[in-house]
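Here's a quick tour to read with the sequence and the 3D view side by side.

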Amino acid sequence: MQVISPLEDFPGVGTVANPAVFFDGSDAFVSYEASVRAGGGNVVLRFIDVIDIKITPMNVEGLNACRYRINPWAFNEIIGVEEIAKWSVLNARLWLISFNDLMIEVIFEAVTLVSYDNVYRSPHLALAGVVRNDGLAS
């Protein structure tokens with residue numbers, strides 16, 4: 001088992017706002033505050049062909065209780081674990097993403113950057129804008 005930084009170079013996670021998440025049974029959209037070092041603003045990612053997704057209340061001080069040693073306010077990819085071994089035919093990946101008061105665990109096949117703007121608004125509003133533009137909601 002190993003915890004690594006994913007190869008994808010998405011803007012870093014901000015340290016204040018918690019994310020907004022929309023899951024349609026296949027894909028999950030995660031909207032989050034970008035870190036000040038990344039230029040601030042909002043980011044929306046699309047996790048494609050999601051096998052499992054969990055949102056757990058866990059602040060960064062509570063990360064010591066996590067079953068993996070992950071970095072706070074970061075994307076953490078977990079490799080070499082049983083959780084994804086059974087999905088190896090799908091090339092599944094496991095990420096744990098730490099936010100201020102939440103952690104998102106997602107097992108998925110692919111991830112893409114949908115939107116990044118440097119004008120901050122709440123992650124919920126940024127996500128609603130993307131969902132409406134994609135025709136996923138009325």
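Let's start with the rings: this structure holds 9 aromatic pairs. Rings of Phe, Tyr and Trp (its six-membered ring) pair if their centres lie within 6.5 Å; planes under 30 degrees apart count as stacked, over 60 as edge-to-face and the rest as tilted. Keep in mind that this is a predicted model, where local features need pLDDT of at least 70 and side-chain atom pairs count only at pLDDT 80 or more, while totals for chains, interfaces and linings use all residues. Residues are numbered from 1 along each chain as its sequence is written, and side-chain values use heavy atoms, with hydrogens and water left out.

**Ring pairs**

- Phe-10 and Phe-75 have ring centres 6.2 Å apart and planes at 65°, so this pair is edge-to-face.
- Phe-10 sits in the loop between strand 1 (2-4) and strand 2 (20-23) and Phe-75 in strand 6 (residues 75-79), so the pair ties together parts that are 65 residues apart in sequence. (Strands are DSSP runs of E, at least two residues, numbered from the N terminus; helices are runs of H or I, at least four.)
- Phe-10 and Phe-75 are both buried, where buried means under 20% relative accessible area, exposed over 50%, and partly exposed in between (1.4 Å probe, protein chains only).
- For Trp-95 and Phe-108, the ring centres are 5.2 Å apart and the planes at 85°, so you're looking at an edge-to-face pair.
- Trp-95 is in strand 7 (residues 93-98) and Phe-108 in strand 8 (residues 102-108), 13 residues apart; both residues are buried.
- Ring pairs link Phe-10, Tyr-32, Phe-47, Phe-75, Trp-95, Phe-99 and Phe-108 into a cluster.

- Strand 3 (residues 28-33) and strand 4 (residues 42-48) run antiparallel and are joined by 6 bridges.
- Tyr-32 has Val-43 in strand 4 as its bridge partner.

**A buried Glu**

- Glu-77 is part of strand 6, and it counts as buried because its relative accessibility is 8%.
- The side chains of Glu-77 and Arg-93 make a polar contact (2.9 Å). That term means a pair of N or O atoms within 3.5 Å; within protein, one must be able to donate a hydrogen and the other to accept it, and residues adjacent in sequence count only if both atoms are side-chain atoms.

How values were computed: Pairing = 2+ DSSP bridges.
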